[in-house]
Structure formats: structure tokens, C-alpha cells
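Please look over the sequence and the structure shown below before reading on. The report that follows goes through the contact between chains and then through some local features.

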There are 2 protein chains.
Amino acid sequence: MPVSAAPIRIILTEDDPALRVHLGDAIASEADMLLAGSAANLADGAALVARGGYDVLLCDLGLPDGSGIDLIRQSAQRWPEADVLVVTMFADQDKVLASIMAGARGYVLKGDAMAEALAAIRAVHAGGSPISPTIARQLLRRIQPAPAQPSPLSDRELELLRLLARGFSYAECAGLLGLSAHTVASHVKNIYRKLEVNSRAEALYEANVLGLIQP
Amino acid sequence: MPVSAAPIRIILTEDDPALRVHLGDAIASEADMLLAGSAANLADGAALVARGGYDVLLCDLGLPDGSGIDLIRQSAQRWPEADVLVVTMFADQDKVLASIMAGARGYVLKGDAMAEALAAIRAVHAGGSPISPTIARQLLRRIQPAPAQPSPLSDRELELLRLLARGFSYAECAGLLGLSAHTVASHVKNIYRKLEVNSRAEALYEANVLGLIQP
DNA sequence: TGCACCATCCCATGATCATGGCATGACAAG
DNA sequence: CTTGTCATGCCATGATCATGGGATGGTGCA
């Protein structure tokens, strides 16, 4: 008979006492879960995070002494293997997104049945990210390449710009492209004119803003 | 009595004849959907895409004359407002991810009930991205910041590096930071020594690789 | 106490950059 | 034919950068 898996150790930061107790009780009554800590504010939550020893952090955002997003960030930095679920309201899509950008891997909706919350905990611990298609769509917007703008630069100019971005001197670029250094300088003049800049760093910054080269 | 909404115009690229007909029939029999075109290979699919006039592209990946990923890319570039769903097998998680990176907004699983496919079409058309928590997790890995490496640079050095990245001269940086230009040059020497580089562009490149500054 | 790092500042100087000006030939579009 | 772009190439020159060398005072650690 194999030994049972270790319970999911959960810490909870939630300032609403009723919800904190309700969630805490629900977790404590699950055989595969363990309530490893509970906090009512950011400072106490931060102490729990600093101490470690948890698999999942449930984190409310509106805390009396600060934003739960900071706590999410701390957890993600300090314990990147630990999962974080935001405890939030349905209307708070922007906040969910901000939390995800800070390191959360899903959310638990206030007002949902406890069974939903427990399922989200199990899902995130199992390596998933329980998010809605709407949130997923917002995420896709952040990772899918934008439709290409027509580039103001010619292919040759882009080729040279990539070398400049690596830090090669004109002479080195010339060698790499099989040109004269004078030609490189001529291309640079054209590139800077088109991008309306006056230095390499400015050009690289602008090219990055315009999506012309990979950052 | 309000007029009914326009049907979802769907084009389909799928080389398996049985599945193409099956999907096509399912779509055509839905009151809110319209099969706007059907192709059995990449070239015909590309012609459908080029013609436009569709809201959702259903796209198989393994086509006899090339990869459906190219078609997805074309659709995303040419018609960024159109939605794309990959037609794929459950085991093809890597391909789903690659498709999503190319511009798809969800997937339809071969072998699933038609009702699932139709639901996915409606979901994506309604602005969602119907993806599993596992796929979502993989996506999060791409957008969430990696745990910060300890930076070799001091805060002051980082502050200066950000200004250098914008293209400010030493004199300008000095003015902005309330320092002497000599001090700026001294900081630059330290920055370049720590990053083991010899020019601003090299420093910026390296800083970007190390995640020290935002690209 | 000694050492390293941080932050600040300075000098001197060679190397590189940036840019105005010039040129040629090829190609495409009106 | 004219014009503009692209790709290539050159000259001259002032501005800026990069860097070796030097300095001070403050802080933290062994």
C-alpha cells in the first residue's frame, strides 16, 4: 500500500475575518490539504512568506496595510516553485491580470462555492493554471507578436542594426558584412535619419519601441 | 424585434476528408455559424486567408504541402481581428503552444464531441481563449518575470544604465542625476568592468540578457 | 584594523562615433 | 524622363566615449 502524498500546505492572507475563517476551515477539513498559516494583513502575510514551508499561497489584494500584489511578488521571488492564487471578486479582471503579471498562477473567486476554491488549489498544485478564457485571452495579447508594422528600415539596414545592437564597432560590422567601414557609416546615417535619432543607444531604444529588432 | 446577429463566418483547413466534412457539416447546421470556406491543403487555405471575409479560422497543423503554423501566422498578420483555433490531437501540447505563439487563440481537439468544437468556436468569437489550465500554465511561464538574479550592479549603477539605454550622453545623465559628468564616467567604468564589456551597446545587450533592465 | 564596495570627483588622451557633403549604378513608379 | 530608394563608397572633422590613473569619505564585514 503506497504512502499517501504529502498534503498541500497552504497559507492564507485575507483581511475579511469571515472569509478567512471559512476558507481556513474548508482547507483544514480536506484530507489532502493542510492550513500552514493564516494572516489578516500584509505584514503578517509577509512574515509567513518569509518563513516559507508552504506550497500554495492564497492572497487577497486589498489588505489594510498595503497591496497583496506586493506579497505575491515577494512569494514569486523568494519561493518560485510555490503556487499563488489570488482571492478576488469577479469584477476585478484587471487586478487578476496584475496579480498574474506579479507571479500568481490563478485565482479563487470570492462568492464562489468552497468546492470551486478547493478545486482551484488542487489544479494549481497539480501544475495547471485555473484561469477563465477571458483572462487567457488577455494573457495571449501579451505574448503574441503584434501585427508587423511596415519597417521604415531596409533589410540591409535592419541587418546592420542587429549588429550594432550587439555592440560591434563600424569596422567590425564592415568585416562581418563584407563592406567598407565607410559604407557602414553611410548606412548608419540613413538609419538614424529614418528613426530620427542621433546615437546608437537612441536608435536601439527606438527600434525596440517600434518592434524592429528583438530586444 | 432586434435583427439576429451576423453568423460567425468560419473557414476550415483540414486534410483529413472525413473530419473536414464532419466539421463542415456541424458548422453549417448551426444557426449562428456559416461555413465560409473549406480547404484540404496549405495552398488552398492560404488562398482562403488571402481572400478574407471570415471571423474564425479552424486550422489543422499537419497539411500535405506544409505546416498549418504558417497559415496561422499569415492569418494573424493579415487579419489580426480574426480568431484562429488549431485543430489538433490531445497529445500535441507543444504544437498547441507553438500555434498560440504564432497567433492562434485556442484549439479544437480531434476526437472531441462536435459540441465541444462548436463551443470553442463560440467562446473564441466571444472574445475568450478556450485553453486548458495546463496550456495556461505554459503561457504564464512565458510572461511572468523570472526570479531576479542578484544584480552585479548597484542601484545607482542600474539607475544610470537606464539613462544610458535611453541614449542620454554622459553630460545629460549628469544633469539628470545631479552629478558631475566625471562621476558618470566613473560609474560607467564600473558598470562595464562588472559586465565585462567595452561599450554602451555591449553593456545594454548584456544587461538585457541578464534581465537587469527592461528591454 | 584592513579590505572591498559604494558614491562622488578629477585628469589626460586615444579611439570611435556621428554627420555634412559628395559620388556611382540599379531599380521602380509616375 | 524625373525622382526617390537602395546599396555601395569616400572625405573631413568636431563631439563623445572609454579608460588608465588618481583621490576622498562612508559603510559593512572578518
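In this report, contact means heavy atoms within 4.5 Å of each other. In this predicted model, the contact takes 39 residues from chain A and 39 residues from chain B.

**The two copies and their contact**

Two copies of a chain are related by a rotation about an axis and a shift along it. Here, a rotation of 180° with a shift of 0.5 Å along its axis superposes chain A on chain B, with an RMSD of 0.6 Å. The two copies are therefore related as by a two-fold rotation axis. The same surface serves both copies, since 100% of the contact residues of chain A recur in chain B.

The size of an interface is often given as the accessible area lost when the parts come together. The values for this pair of chains are gathered in the table.

| Between chain A and chain B | Value |
|---|---|
| Buried area | about 3000 Å² |
| Share of the buried area on carbon and sulfur atoms | 60% |
| Salt bridges | two salt bridges |
| Polar contacts (both residues at pLDDT 80 or more) | 15 residue pairs |

The elements of chain A that give two or more residues to the side touching chain B are α3 (68-78), α4 (93-102), α6 (133-143), α7 (155-166) and α10, and α6(A) gives the most to that side, with seven residues. Of the area that chain A buries against chain B, 21% is supplied by A:Arg137, A:Ile143 and A:Gln144, more than by any other three residues. A:Arg137 also forms a salt bridge with B:Asp83, in which the closest N and O atoms are 2.8 Å apart.

**A residue in helix α3 of chain A**

A:Arg73 lies in helix α3 of chain A. Is A:Arg73 buried, partly exposed or exposed? Its relative accessibility is 40%, so A:Arg73 counts as partly exposed. The C-alpha atoms of A:Arg73 and A:Ser99 are separated by 8.4 Å, although these residues are 26 residues apart along the chain.

**Helix α7 of chain B**

Helix α7 of chain B has 12 residues (155-166) and, at 1.5 Å a residue, should span 16 Å, which agrees with the 17 Å between its end C-alpha atoms. The buried residues of α7(B) are B:Glu157, B:Leu158, B:Leu160, B:Leu161, B:Leu163, B:Leu164 and B:Ala165. What do the buried residues of α7(B) pack against? They pack against α8 (170-177), α9 (181-195) and α10 (200-209) of chain B, together with α10 (200-209) of chain A. Just after α7(B), B:Gly167 takes a positive phi of about 100°.

Conventions
Residues numbered from 1 in each chain as written. Chains lettered and ligands numbered in written order. Predicted model: local features only at pLDDT ≥ 70, side-chain atom pairs only at ≥ 80, totals over all residues. Heavy atoms only, no water. Helix = DSSP H or I, 4+ residues; strand = E, 2+ residues; numbered from the N terminus. Expected span 1.5 Å × (residues − 1). Buried < 20%, exposed > 50% of the residue type's maximum accessible area, 1.4 Å probe, protein only. Least-squares fit on C-alpha atoms with pLDDT ≥ 70 in both. Buried area = accessible area lost by both parts, 1.4 Å probe. Salt bridge = Lys/Arg side-chain N within 4 Å of Asp/Glu carboxyl O. Polar contact = N/O pair within 3.5 Å; in protein donor to acceptor, adjacent residues only side chain to side chain.
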